[in-house]
Amino acid sequence: MKVFFSSLLGSLTAFLILGLMAFIGFWAVIGVIASIGSDSVVEIEPGSVLVLDLNTTIQDAPSVAEIDAVLQSVLSGETQSATYLLKVTDAIKRAETDEDISALLLHGNLLTDSYSSGLATVSEVRKALASFKASGKKVYAYLLNPSQKDYYLASVADEIWLNPFGLISLNGLATNKPFLGSALEKYGIGVQTTRVGTYKAAVEMFKRTGMSKADREQKTALLNDFWSTLLAEISVSREISQEELLQLSNRDAFFTGADALAVNLADRTGYLDELIDYIASIYQYTDSEETFQQMDLIEYADVRGFELD
């Protein structure tokens, strides 16, 4: 018995020591993260252009595993390419009245992770950009091969620059889903479902081999509504009638540099360095005069203290 209690006491002591070491190690890592952010104070120079890099995933809210993501970023050295909607829109809103911010440039292509960067999210960012533009400050957009969602967002800009080898697509919306009816039947798997209502089509993928008439009807109505909204807002921003946009989509669907300029889908063609020189000549060069004075929007949000409570 004495040996047993000695072993038990030794095990408990070891467990407590390991737990204490893990606790101290965790807070040491947190301290390193905090020191990384506090060692350098980023200043916003007068005449800066806010830059919104769209090569990210815009989520509705911070991930519940945000601490894990930060730790992984520190340990791996890889930047987590994700932000959240309120942080983006609040930063744009604050920049409207910030005397140090003269204009805004957006570029890149939105990343989609799960349900992030959806049309509703992009619409909210677009509204924030429209408000920024209405304040009298210019919005510039640089596009290479934008998706329809990217172009919808960029269309609010005062000037759209398209890479000479870029391509704008307006080919409409579509949806699809798998149907497992034949596969399940082949392997003798039976599926029992209960549904009430003509348009309750969620279970159809397990029993059918194709889309039902009712499901096709409701999906068509939804896509038409989305498509009409996109065309209506692009129409106002680009001063092209909805009828003309629809004709362009039905007739051509894809537009290279010269074609995009001809139908007013873009304002200029040029390479990114040309746009940089152009913006720098209007606003303010950096000390080295290699680029314009700029501030990344996410960094700007952190500097100004925008965080979701």
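Predicted model: local features only at pLDDT ≥ 70, side-chain atom pairs only at ≥ 80, totals over all residues.
Biologist: What makes D215 count as buried?

Modeller: Buried means under 20% relative accessible area. D215 comes out at 0%, so D215 counts as buried.

Biologist: And why is K177 called partly exposed?

Modeller: Partly exposed sits between the 20% limit for buried and the 50% limit for exposed. K177 has 21%, so partly exposed is the label for K177.

Biologist: How do you know that D215 and K177 meet in a salt bridge?

Modeller: The test asks for a side-chain nitrogen of Lys or Arg within 4 Å of a carboxyl oxygen of Asp or Glu. For D215 and K177 the N to O distance is 3.3 Å, so the pair passes as a salt bridge. This pair links distant parts of the chain: D215 is in helix α8, K177 is in the loop between β7 and α6, and they are 38 residues apart.

Biologist: What about R238 and D267?

Modeller: Their side chains meet in a salt bridge too, at 3.0 Å from N to O. R238 is buried at 4% relative accessible area, whereas D267 is partly exposed at 32%.

Biologist: Why is R251 called exposed?

Modeller: Exposed means over 50% relative accessible area. R251 has 56%, so R251 is exposed. R251 lies in helix α9 and forms a salt bridge with D252, the closest N and O atoms being 3.0 Å apart. D252 counts as partly exposed at 35%.

Biologist: Which residues do salt bridges that share partners join into one network?

Modeller: K177, D215 and K219 are joined that way. The structure holds 10 salt bridges.

Biologist: D150 is charged and buried. How do you know that D150 has no salt bridge?

Modeller: A salt bridge needs the atoms within 4 Å. The nearest side chain of opposite charge to D150 is K149, 7.2 Å away, so D150 has no salt bridge. D150 sits in helix α5, and its side chain does have a polar contact of 3.0 Å with that of S147. Leaving aside residues up to four places away in sequence, D150 touches G108, N109 and L110.

Biologist: Why are helices α3 and α4 called roughly parallel?

Modeller: Their axes come within 9 Å and cross at roughly 5 degrees. Angles under 35 degrees count as roughly parallel, so α3 is roughly parallel to α4. Among the residues making the contact are L85, V88 and I92 of α3, and V125, A128 and F132 of α4.

Biologist: What makes the phi of A253 stand out?

Modeller: Phi of A253 is near 75 degrees, a positive value in a residue other than glycine. A253 is in the loop between α9 and β8, and at 11% relative accessibility it counts as buried. N264 also has a positive phi, near 70 degrees. N264 is found in the loop between α10 and β9 and is partly exposed at 28%.

Biologist: One more. What covers the buried residues of helix α11?

Modeller: The cover includes strands β1, β4, β5, β6 and β9. The buried residues in α11 are L275, Y278, I279 and A280.

How values were computed:
Residues numbered from 1 in each chain as written. Heavy atoms only, no water. Helix = DSSP H or I, 4+ residues; strand = E, 2+ residues; numbered from the N terminus. Buried < 20%, exposed > 50% of the residue type's maximum accessible area, 1.4 Å probe, protein only. Lys, Arg positive; Asp, Glu negative; His and termini not counted. Polar contact = N/O pair within 3.5 Å; in protein donor to acceptor, adjacent residues only side chain to side chain. Contact = heavy atoms within 4.5 Å. Axes fitted to C-alpha atoms, helices over the stretch in contact; angles between N-to-C directions. Parallel < 35°, antiparallel > 145°, perpendicular 65-115°, else oblique.
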